[in-house]
Amino acid sequence: MTGQLQTSETAPAGAQRGKAAAAVIVTVLLWASAFVAIRGIGETLSPGPMALIRIAVAAASLTILVLIRYRGSAPVPRNRRTLTLIAVYAVLWLAGYTVVLNAAERHIDAGTAALLVNIAPLLIAFGAGLFLGEGYPKALVAGSVVALGGLSIIALGSSGERDWLGAVLCLLAAVLYAAGVLVQKAALRGGLDGTIAIWLGCLIATAALLPWTPQLIAELQTAPVGAILASVYLGLFPTAIGFTTWAYALHRMPAGRLSTASYAVPVVSILLSWLLLAEIPTAYGLIGGAICLVGVAIARRSGN
C-alpha cells in the first residue's frame, strides 16, 4: 500500500517536471532561431519598427489564445503591485531588450550576439544576491572573473567601431534581460498565470513601442515579403510561444536554475546561423564566448 501511495503521489510531480523540461527545450530552440531571424532582416527593418511588429504580432496572437482559453473572462490581476511588476518587465524585457538586441545585430553576427547576451544568467545571480538576499558566494565571484576574461577576449577580436558598438549593445540587452527575469519572477510568485503574465506584458510593450508606428509603416512599403514574414515569425514563435513556455517553466522552477538552460541558446544559434546565413563568429568570438559561458556555469554552482 505504501508503495502504491508513493507512486500515485510522485507521478504528478514527475509529470510536472517533464512538462517544465519540454517547455524549456521549446524556449531554447525558438529563442535561438530569433537571433538568426533578427540578423537576417536587420538591414530591411530598423530596430524600433522590427520590435513593434514583433511584439504587436505576439500581443494579437496571445489575445486570441486568452479569449479561447478563458472564454472572454481572463483572470487579470487587480493587485497594483502585480500590475506594476508586469509593466516594468514589459518595458525592460519585451520592449527594451528587443529594440536593443535588434540594434546590436546590425553590427555583430547572430552567434556572437547570442554568446554575449547569455552573460545574463550571471547578472541574474548578482541580482538575486542584491535584491533577494542570496549573497555573493565564492563560486559567483570566481565565475564572474572567468566571464570577464571571456569578454576581454571577444573585445580583442573586435575589428572596428561597429564591432564594439554591437558588443556594448549586446551587454546592455543582457542587463535588460536579467532585470526582466528577476521582475517577472517576482510577479509570478503571487500565483499569476504565466499566459496572462506574458499576454499583459506584450500589450504593455506594444503600447510602449507605438511611437515607431510611422517608421514601421514607411519601411513595410518597401520591405520584401520574406522580411515581413520573418518579422511575423519572430512575434508568433520566439515571442508569443517562446515567452509563454518560458513563463510556464519559470513558474515551476527557480529563476537561477532555469537560466542555466540558456547556455544552449548560443550553440543552437551558431548552428542555425551557419546553416541559414553562412555566418559564424570569429575565433575570438567563439573562444571568448565559450569562456563566458564557463564563467556563468561556475557562478551558477552557487545558485538555485
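Predicted model: local features only at pLDDT ≥ 70, side-chain atom pairs only at ≥ 80, totals over all residues.

Residues are numbered from 1 along each chain as its sequence is written, and side-chain values use heavy atoms, with hydrogens and water left out.

User: How many helices and how many strands are there in the protein?
Analyst: Helices (H or I, at least four residues) and strands (E, at least two) are taken as DSSP runs and numbered from the N terminus. Read from the N terminus on, the elements run α-α-α-α-α-α-α-α-α-α-α-α-α. The count is therefore 13 helices and 0 strands.

User: What percentage of the residues of the protein count as buried?
Analyst: Buried means under 20% relative accessible area, exposed means over 50%, and partly exposed lies in between, with a 1.4 Å probe and protein chains only. The accessible surface, from the Shrake-Rupley method with a 1.4 Å probe and, for residues, only the protein chains shown as cover, comes to about 13800 Å², of which 69% belongs to carbon and sulfur atoms. Of the 304 residues, the share that counts as buried is 50%.

User: Among contacts between residues at least 6 apart in sequence, what percentage join residues at least 24 apart?
Analyst: Contact means heavy atoms within 4.5 Å. With pairs at least 6 apart in sequence taken as the whole set, the share that joins residues at least 24 apart is 90%.

User: How are H3 and H8 oriented to each other?
Analyst: Axes are lines fitted to C-alpha atoms, for helices over the stretch in contact, and angles run from 0 to 180 degrees between N-to-C directions. The axes of H3 (residues 80-104) and H8 (residues 194-209) come within 8 Å and cross at roughly 60 degrees. Angles under 35 degrees count as roughly parallel, over 145 as roughly antiparallel, 65 to 115 as roughly perpendicular and the rest as oblique, so H3 and H8 are oblique.

User: Which classes of residue make up the contact of H3 with H8?
Analyst: On the H3 side the contact includes Ile86, Tyr89, Leu94 and Val99, and on the H8 side it includes Ile198, Leu200, Cys202 and Ile204. Ala, Val, Leu, Ile, Met, Phe, Trp, Tyr, Cys and Pro count as nonpolar, Asp, Glu, Lys and Arg as charged, and the others, Gly among them, as polar. By these classes, the residues of this contact divide into 15 nonpolar, 1 polar and no charged.

User: How is H2 oriented to H9?
Analyst: H2 (residues 47-70) and H9 (residues 213-220) pack with their axes 9 Å apart, at an angle of about 90 degrees. That angle makes the pair roughly perpendicular. The contact is made by Pro49, Leu52 and Ile53 of H2 with Thr213, Gln215, Leu216, Glu219 and Leu220 of H9, and by class it has 5 nonpolar, 2 polar and 1 charged residues, in an arrangement that is roughly perpendicular.

User: How is H4 oriented to H12?
Analyst: The axes of H4 (residues 110-117) and H12 are 8 Å apart, and the helices pack at an angle of about 175 degrees. Ala110, Gly111, Ala114 and Leu115 of H4 meet Pro266, Ser269, Ile270 and Ser273 of H12, a contact with 5 nonpolar, 3 polar and no charged residues. The angle makes H4, relative to H12, roughly antiparallel.

User: Is asparagine 102 buried or exposed?
Analyst: Asparagine 102 lies in helix H3 and, residues up to four places away in sequence not counted, touches Ile38, Pro47, Met50 and Ala51. Its relative accessibility is 2%, so asparagine 102 counts as buried.

User: Which residues is threonine 98 in contact with, leaving aside its neighbours within four places in sequence?
Analyst: Threonine 98 lies in helix H3 and, at 3% relative accessibility, counts as buried. With those neighbours left aside, its contacts are Ala51, Arg54, Ile55 and Trp93.

User: Is alanine 278 buried or exposed?
Analyst: Alanine 278 is found in the loop between helix H12 (264-277) and helix H13 (283-300), and it has a positive phi of about 55 degrees although it is not a glycine. Its relative accessibility is 70%, so alanine 278 counts as exposed.
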